[in-house]
Amino acid sequence: MLFADIKGLQEVKEALIASVHNNHIAHAQLFAGSVGGAALPMALAFAGYLNCENRTDEDACGTCPSCLKNKKFVHPDLHFAFPVSSTKKVTGKDAISKSFLSEWRQFLQERPYGTQVEWSQAYGGEDKQVNISKEESRQIISALALKPFEGKYKIMLIWLPEHMHSAAANGILKILEEPPEATVFLLVSQAPEQLLTTIRSRVQMVKVRSFTDDELRDILVNTYHIDTSRAGQLVHLADGDLNEALQLHEEVEDDSHSMFREWMRHCFQRDFTQLVAWSDSFQKMGKVAQKSLLQYGLTIFREVLICSFEGKDMLRAEGETLTFVQNFSKVMDAQKIEGIAVALNQAHYHLERNGSPKIVFLDLSLTIARMIR
């Protein structure tokens with residue numbers, strides 16, 4: 001992984017590179033970012049940059065032996081710890097990171113912006129609670145006991161340390177505060193507030209913000225070759241989450257804007273026959289598509305609220321979506337929008353807990369029809 005592989009976030013890259021050139025590399029750093037953000041790719045790129053044999057002022061070379069090994073995540077001085085659970089083949093104390101390294105490397109190749117749920121699915125533990133165990137903390141200490149084999153630094157990358165068992169967290173406190181010479185800890189968290197205070201006090205925070213709309217659109221169009229119009233819809237839905245945008249593109253074939261526009265038209269006209277028919281169609285959609293439509297609705301109502309208060313500079317909608325938002329805002333006010341937003345969130349909550357999609361959607365449609373008129 002190179003910095004060049006991560007689009008945007010230039011200020012984060014420059015700060016990391018400057019720390020190397022100024023020889024101010026903190027021995028323990030916490031890369032804090034949102035779900036679907038670039039915190040993990042950024043930490044991987046930084047790890048590669050630290051041990052690159054011919055690094056430049058902008059990036060690792062990508063061609064030296066160290067970079068080639070880091071590209072496949074097999075560098076002997078790059079160690080990983082991440083949350084796992086027991087599976088049919090791996091149980092007990094064997095349920096630690098090194099038992100799943102082959103699956104982990106494949107996951108990083110295919111889903112560097114992936115989530116904990118996707119990781120659990122990748123190694124076959126999706127029905128179990130994940131954690132970083134006390135045994136894992138012993139493995140961390142053992143892995144760092146020796147000097148670097150090839151690179152200048154020995155690096156321990158801990159992904160999602162918020163899943164670390166309290167005994168494991170306490171077990172690494174000493175080595176985290178006083179690591180062996182030429183050792184760097186890179187913790188990558190999506191919920192840093194859940195970490196023990198004793199952990200947070202021993203690390204230097206590196207905040208990795210979400211992608212802006214322009215950055216995300218550029219990635220979708222130029223890296224994943226998604227149509228510009230479709231990319232615009234995905235950007236609106238994903239809110240800076242690249243992983244979410246890609247998942248929606250792969251799994252959701254419906255045009256959320258067209259569906260939402262028709263749905264709202266039937267609600268406004270109180271066409272109950274059509275709303276019942278639409279509840280049947282909603283029942284047939286996949287769960288990802290169902291939740292996507294509700295999330296899109298929340299996004300649209302946010303835009304409608306902004307438009308109703310004439311905050312045009314803050315609008316993110318474009319094209320047909322913007323026209324719809326402007327027209328819809330003429331019949332909406334803050335009280336209506338608040339009530340509908342609550343109803344949409346409740347519907348999403350019930351779908352997450354396996355409520356009947358048909359009943360959830362019909363109830364939501366009747367609620368929105370009542371609130372609009």
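Helix H2 (39-51) and strand E4 each contribute at least two residues to the lining of the largest cavity. Helices (H or I, at least four residues) and strands (E, at least two) are DSSP runs numbered from the N terminus. The model is predicted, so that local features require pLDDT of at least 70 and side-chain atom pairs pLDDT 80 or more, whereas totals for chains, interfaces and linings use all residues. Residues are numbered from 1 along each chain as its sequence is written, and side-chain values use heavy atoms, with hydrogens and water left out.

Rolling a probe the size of a water molecule over the atoms shows where empty space is left. On a 1 Å grid over the protein atoms alone, a cavity is a set of points where a 1.4 Å probe fits but cannot get out, while a pocket is an open set with protein on both sides within 12 Å along at least five of seven lines; lining residues have an atom within 4 Å of a point. Grid points are joined across faces, edges and corners, and a volume is the space filled by probe spheres set on the points. The search of the whole structure returned 2 cavities of 30 Å³ or more.

The largest cavity has a volume of about 70 Å³. Its lining comprises 13 residues, of which Ser 34, Gly 37, Ala 39, Leu 40 and Gln 190 are the closest to the centre. Sorted by class (nonpolar: Ala, Val, Leu, Ile, Met, Phe, Trp, Tyr, Cys and Pro; charged: Asp, Glu, Lys and Arg; polar: the others, Gly among them), this lining of the largest cavity holds 6 nonpolar, 7 polar and no charged residues. For the second largest cavity, the volume is about 40 Å³. Met 1, Leu 44, Ala 47, Gly 48, Asn 70, Phe 73 and Leu 78 line the second largest cavity, and H2 supplies the largest share of that lining, with 3 residues. The class counts for the second largest cavity are 5 nonpolar, 2 polar and no charged residues.

The second largest pocket has a volume of about 360 Å³. Helix H3 (65-71), helix H4 (101-110) and helix H10 (213-223) are the elements that give two or more residues to the lining of this pocket, and H3 gives the most, with 3 residues. The lining of the second largest pocket consists of 18 residues, with Met 1, Leu 2, Asp 5, Gln 109 and Pro 112 nearest the centre. By class, 10 nonpolar, 5 polar and 3 charged residues line the second largest pocket.

Strand E1 (residues 28-33) is mostly covered, with 6 of its 6 residues buried; buried denotes under 20% relative accessible area, exposed over 50%, and partly exposed the range in between (1.4 Å probe, protein chains only). In a regular strand the side chains alternate between the two faces of the sheet. In E1, Ala 28, Leu 30 and Ala 32 point one way and Gln 29, Phe 31 and Gly 33 the other way, all of them buried. Strands are taken to pair if DSSP finds at least two bridges between them. E1 and E4 run parallel and are joined by 5 bridges, with Phe 31 opposite Val 188 in E4. E1 also pairs in the parallel sense with strand E5 (residues 204-208) over 5 bridges, and Val 208 in E5 is the bridge partner of Gly 33.

Ser 189 belongs to strand E4 (residues 183-189) and counts as buried because its relative accessibility is 0%. With neighbours within four places in sequence left aside, Ser 189 is in contact (heavy atoms within 4.5 Å) with Leu 30, Phe 31, Ala 32, Gly 33, Pro 161 and Glu 162.

Leu 9, although not a glycine, has a phi of about 55°; Leu 9 is located in the segment before helix H1 (10-21) and is buried, with a relative accessible area of 0%. Leu 160, also a residue other than glycine, has a positive phi near 55°. Leu 160 lies in the loop between strand E3 (154-159) and helix H7 (166-171) and counts as buried at 1% relative accessibility.

With a disulfide defined as a pair of cysteine sulfur atoms within 2.5 Å, the count is 0 disulfides. For Cys 61, which is in no disulfide, the nearest cysteine sulfur is that of Cys 52, 3.6 Å away; Cys 61 counts as partly exposed at 24% relative accessibility. Cys 307 is likewise in no disulfide, and the nearest cysteine sulfur, that of Cys 267, is 20 Å away. At 14% relative accessibility, Cys 307 counts as buried.
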